[in-house]
Amino acid sequence: MQNEMAGKQTSYKYLSSITLGHFLPDKMKGDSMTYLDILHENECINTEKDTTACKAEEEYFYRGGKVTWLNFYLSEMQESLQFIKRDKYEELNNLIQKQSWLSKSLVCVNLFHYPGCGGTTLAKHVLWDLRKTFKCAVLNNNFAKAAAIAGQVLDLFVNGGRKQTVLLLVDDLEASENIIELQKNILDEIEKRNIHHNSPVVIILSCIRSENPAESMTTSFTDSLCITNKLSETEQSSFEKKLEEIQKSHENHKTFYGFLIMKNDFKKSYVEDVVQEMFKDRQEHSKEAQLISFLALLNSYVSNSSLLGSVCERFLQSKDPVHGSKPVEEQMESFSGLLIRFKNSVKTERVRMAHKMIATQCCEELEAKEVSRSKITEDLLSSFSVTEMDDDPLLMRDIQDLLVTRQKSTKFSQLIEDIREGERSNDKCIAVLTTAAKLFVKSAVIPQALARFYYIREENYSKASEWAKCAKERDENNSFIADTLGQIYKHEMRSKVKEKRPDQLDIFLSVVEDSIDAFQEEQVLANKEGPVDLENQWTRKRPSIYNTNGLFGELQVASHVFDTLSNLDPLKEEMEKFLKHELQIDSICKNDSNKQFLQILKKKPFLTTLKDRVKMVFDFYESYLTYSKPSQMKEESEYIHKEVADCFLKYTSSECNSHVETEAVDQNRKYLEAQRAASFPGLLHCLSERDADTMEKIKQSWQCIYNSSTKTKEDDLNFILANIVLNCINPGSVNITDHTELEFILKNVLSDKEKDKSQTSAEMYFLALLLLWPKEGTKSYVDKIWECFQNQYELHLRSRFIVPHFFLGQSSGLSRVVHKSQIDTCLFTNPKSIPGDLSEKINTLWHNGELWKNDEVKKLLCRVEGRTEGHEVFAQHGKVKIRVQPDKRADVKNGHKVSFYLGFSIKGPMAYDIQYSGRSAVKRT
């Protein structure tokens, strides 16, 4: 019916233009925007007013079908039912229009909504009413690559010969990382096309399903609204009036479940009555009931899941001798009211339940009739042929999500958790996952989930490793799949050596070796993976991150080995010294009580490499955790910091935990190692972890090393940084080396190291920018720090937020180097009096830019003059312009004089709080 009405519309469609009225889009480009459902200004304008078709369109929507542009158009016709405007309509409309006045190239608005409560309908209603203000479109393929979507969105922006803001509705893109990835690609495309703006190029309206929308909104750092599954009194009144109108014009209004569930304020009792009536006197093992059970299971657990209409028809196996398979609705009889037939973005007919609440209640009703979720899942997996599965990749994806996708709070998918809890059976979970693993022979994640279930719930490590190896064979280059085998061995290791006998120790160390080998193999794979390798996963809750699980797993294993061996009764003290490389295994005196243990230990040469491996992994994490964090709004989990530090300290010499006044370089190095201040990132970490007295001792140790004849150029750099850190922590210290002397040392290092390009590092240029800005060579140092960052850290820190450690202050000498914590201190004079998570509040102020309005911050920091050219920001020093990275790419406007605060990260200088003071004499290219 929808296609029939669409065919009666005009073939000329207009895009919006505020200044020139509507205009015709470029047809060729419009046809190529396959990932966008474009809402034209004159959408449906010439649709023939066929009363029967209009009525059917309204019925489809009120039964639970997705709202269409035709629904909005028909609701504006005098003889049709008017659309209900939800309470949040005006607020959302105004928020979007308010965003359109911002001078950013890209902005985002979130609408959190309970599933089935009309969130997407509300968003589309706003789009419909703003179609003459913006070029409006809906993303119709959430599984397309972000770069391809961005390209089509920018095509729409320039389409028709007039550049106009695109209002893009993105519905349920699942993970926040996916929206970030899309935003990044849109900004990349804007810069690639050299598009300049004074208002947003794109406004993203992101509809996000949530079981708790109000809570989700409070944790969002983007402008957000929410609608819940509770109607206000005003909305309830509107729905009552609407029902009276519907009853007068539609005889079958009792099947308008999408509308009636909302009208009844999402009461479970109403849905229970509907489903019980449907199943009344029905055979739960009939083909019709089975098909309902399949759809109910999928729609309960997987958003936007469905079955092909043709697959449903074949399953029901009821054929008309003349016309072939009957439509699903005819074959389903009284159940047909629960179903919605629709066409997806590729015009394929599919079938789903009318509402998630109905789907969930059907599962409960069937369970009451002793048709369990595990039985439905097994039937679903056995009822469709492999050919049918291959013909319907969406079904394969939905079943995989059903069995594998889990929330942060659960160990397994919600279905598996419900089967285990509701049916009190691990065996049924295993049976379901085993059937699926054997059916989907190309899937690696299903045998991975089965392996995880075996080791977590059953502690059956043999079966777990068998399925983990199966998963690896199916996706041999995926480090995340490889991780499971290491985790299995790690958990098995922890279950060993309950009795401290030689044979038990032998088994324990064999499992340890297997675990370390598995984790090291995983890390080899992780180092080979790049963003392109994981690009197809960006809509599956995994952006292009670097996998550190292998390194962390190896560290955990090493930590457990130390705890176990250092508590081995006959060899406690000897083992601790052996693992710290303070004692050779052959130096341990043999006796009757330890002889067998020593024989076993000698057969395990990997034990002698543990300390070096721990040091290597610790060095990685020291840089990883100091230079970056998961995002600007999210801190690293505390347990990661703790376990990394604890393991490292276990393997560090116990003789160097306290500071001793000595000229011995080795002793000072050991002390610095114990204080985790023996490296560049370690010293930066001292800024938040060490008090003034400890930092004085750390500086003294570095002074001793600097004065020695065995020092290296890296030692010189660390000596310089130790002074900077001490000055930040205790600016009144008499032990701080003079700024001019530190400059002299740095220039000598730069001169020597630049003769051999392989000896340069991001850390060296980081110090050069800190101490020499904006003196000679600064411009070249910016290019060099960027190049070094790409070589040293880009692989590991991709998709993470690079932390700015220092800012340019208003003082002189070392005091002009302001640490980030000094800015944070300005924000809250009495941090202990602030309720809740202080770091979260600080992160919010950094994210929204409110901290730059603080008077104390303004007094502390120095504003740098500069200008913008294209999408780049430059600091201006005389005739020299130095490129800096903008903190917020979307804020950059072409051809302006600007001022900003200057931050320094391991990636280079960054511009914060960019303020525009007028047009500059910049030639446009």
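1. The expected span of a helix is 1.5 Å times one less than its number of residues. Helix here means a DSSP run (H or I, at least four residues), numbered from the N terminus. Helix α34 (residues 713–729) has 17 residues and reaches 25 Å from first C-alpha to last, close to the 24 Å expected.

2. A quick word on the source: this is a predicted model, where local features need pLDDT of at least 70 and side-chain atom pairs count only at pLDDT 80 or more, while totals for chains, interfaces and linings use all residues. Residues are numbered from 1 along each chain as its sequence is written, and side-chain values use heavy atoms, leaving out hydrogens and water.

3. Thr 712 caps its N-terminal end, with a side-chain oxygen 3.3 Å from the backbone nitrogen of Glu 714.

4. Now the helix pair. The axes (lines fitted to C-alpha atoms over the stretch in contact) of α31 (residues 665–674) and α33 (residues 692–707) come within 9 Å and cross at roughly 145 degrees, an angle taken between N-to-C directions on a scale from 0 to 180 degrees. On the α31 side, contact (heavy atoms within 4.5 Å) involves residues including Tyr 671 and Leu 672, and on the α33 side residues including Trp 702 and Ile 705.

5. Last, have a look at Met 278 in helix α12 (residues 268–279). Met 278 is buried, with a relative accessible area of 11%. Leaving aside residues up to four places away in sequence, Met 278 touches Tyr 257, Ser 334, Phe 335 and Leu 338. Phe 335 is 57 residues away along the chain, yet the two C-alpha atoms are separated by 6.3 Å.

Definitions and conventions
Helix = DSSP H or I, 4+ residues; strand = E, 2+ residues; numbered from the N terminus. Polar contact = N/O pair within 3.5 Å; in protein donor to acceptor, adjacent residues only side chain to side chain. Buried < 20%, exposed > 50% of the residue type's maximum accessible area, 1.4 Å probe, protein only.
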